[in-house]
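Welcome! Try each task yourself before reading its solution.

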Amino acid sequence: MAKGITRERIVAAALDLLNDKGMDALTVRALASRLGVGAPALYWHVRNKQELLDEMATFVIRRVIEALGKIDHGAGWREGLAAYARVLRAEYLRHRDGARIFSGTRYVDPEVVRQKESWLELLTGSGFSLADADDALDVITAFVVGFVIEEQERLRTDDEDGERYSAEERDKWLGEGVELVKAAFRERDDGDRRFERQLGVVLDGLESRLR
């Protein structure tokens with residue numbers, strides 16, 4: 001085992017590499033180089049790239065749990081889920097390709113998974129069936145992942161090619177007869193306002209399950 005190499009150091013270096021180079025550059029070989037060790041040294045701690053991603057996702061969700069612990073959920077299930085969505089989005093946005101790389105991972109710390117109990121208690125205590133409560137958490141997570149993937153891709157593309165999302169070029173490309181499509185694109189806003197608006201749509205849908 002390489003001296004001084006721990007899972008904590010590996011995850012920290014992996015997150016730094018992700019932020020510097022993006023998901024496609026996150027390889028065991030590149031990570032070992034950043035840590036100044038041979039790739040075999042990492043296999044004492046993570047057996048493959050998927051296990052590395054699981055460790056990274058667990059690190060991030062711990063920060064989400066910590067942030068949520070500082071929020072008063074006395075207003076009920078709706079505000080609780082809204083807070084979860086906002087914190088999760090903020091954590092994903094801290095990392096380049098954040099939502100892409102953490103989707104589909106499995107948490108490696110049982111204490112992280114145990115935190116779900118209080119959410120299920122909140123939702124079932126508010127009138128959701130257990131199945132609907134579990135679905136609600138999955139739906140909110142999936143919404144945030146999808147929103148941030150699109151959000152980060154647009155930000156990256158705007159930096160590299162400012163004309164890719166040009167309304168003028170898009171109008172020419174579409175031609176005539178689709179004025180509502182053109183107008184909707186021009187009125188579209190990105191960032192916080194769009195996130196909050198769409199989050200409201202998701203929460204309204206979940207609330208309808210209670211009725």
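**Exercise 1. The largest pocket**

Which helix gives the largest share of the lining of the largest pocket?

*Solution.* A word on the ground rules comes before the steps. This is a predicted model, in which local features need pLDDT of at least 70 and side-chain atom pairs count only at pLDDT 80 or more, while totals for chains, interfaces and linings use all residues. Residues are numbered from 1 along each chain as its sequence is written, and side-chain values use heavy atoms, with hydrogens and water left out.

Step 1: On a 1 Å grid over the protein atoms alone, a pocket is an open set of points where a 1.4 Å probe fits, with protein on both sides within 12 Å along at least five of seven lines; lining residues have an atom within 4 Å of a point. A volume is the space filled by probe spheres set on the points, and grid points are joined across faces, edges and corners.

Step 2: Look at the space. The largest pocket holds about 560 Å³. It is lined by 23 residues, and the closest to its centre are Ile61, Tyr84, Tyr107, Lys116 and Thr141.

Step 3: Find the elements. Helices are DSSP runs (H or I, at least four residues), numbered from the N terminus. Those that give two or more residues to this lining include helix H4 (49-68) and helix H9 (130-160). The largest share, six residues, comes from H4.

Step 4: Sort by class. Ala, Val, Leu, Ile, Met, Phe, Trp, Tyr, Cys and Pro count as nonpolar, Asp, Glu, Lys and Arg as charged, and the others, Gly among them, as polar. The lining of the largest pocket then divides into 16 nonpolar, five polar and two charged residues.

**Exercise 2. The second largest pocket**

Describe the volume and lining of the second largest pocket.

*Solution.* Step 1: The volume of the second largest pocket is about 150 Å³. Of its 10 lining residues, Asp97, Gln152, Glu153, Leu155 and Arg156 are the closest to the centre.

Step 1: H9 gives the most to this lining, with six residues.

Step 2: By class, the lining has three nonpolar, one polar and six charged residues.

**Exercise 3. The nonpolar core**

Which residues have the most contacts inside the largest nonpolar core?

*Solution.* Step 1: A nonpolar core is a set of buried Ala, Val, Leu, Ile, Met, Phe, Trp, Tyr and Cys residues joined through side-chain atoms within 4.5 Å. Buried means under 20% relative accessible area, with a 1.4 Å probe and protein chains only.

Step 1: The core has 55 residues, and those with the most contacts inside it are Leu31, Leu42, Met56, Leu81 and Ile140.

Step 2: Take one of them. Leaving aside residues up to four places away in sequence, leucine 31 touches Ile10, Ala13, Ala14, Leu17, Leu42 and Leu52, where contact means heavy atoms within 4.5 Å.

**Exercise 4. An aromatic pair**

How many residues apart are tryptophan 77 and phenylalanine 128?

*Solution.* Step 1: Rings of Phe, Tyr and Trp (its six-membered ring) pair if their centres lie within 6.5 Å, and planes over 60 degrees apart count as edge-to-face. The count comes to six aromatic pairs.

Step 1: Tryptophan 77 and phenylalanine 128 form an edge-to-face pair, 5.0 Å centre to centre and with 85 degrees between the planes.

Step 2: Tryptophan 77 lies in helix H5 and phenylalanine 128 in the loop between H8 and H9, 51 residues apart.

Step 3: Tryptophan 77 is buried at 10% relative accessible area, and phenylalanine 128 is buried at 5%.

Terms used:
Buried means under 20% relative accessible area, exposed over 50%, partly exposed in between (1.4 Å probe, protein chains only). Rings of Phe, Tyr and Trp (its six-membered ring) pair if their centres lie within 6.5 Å; planes under 30 degrees apart count as stacked, over 60 as edge-to-face and the rest as tilted.
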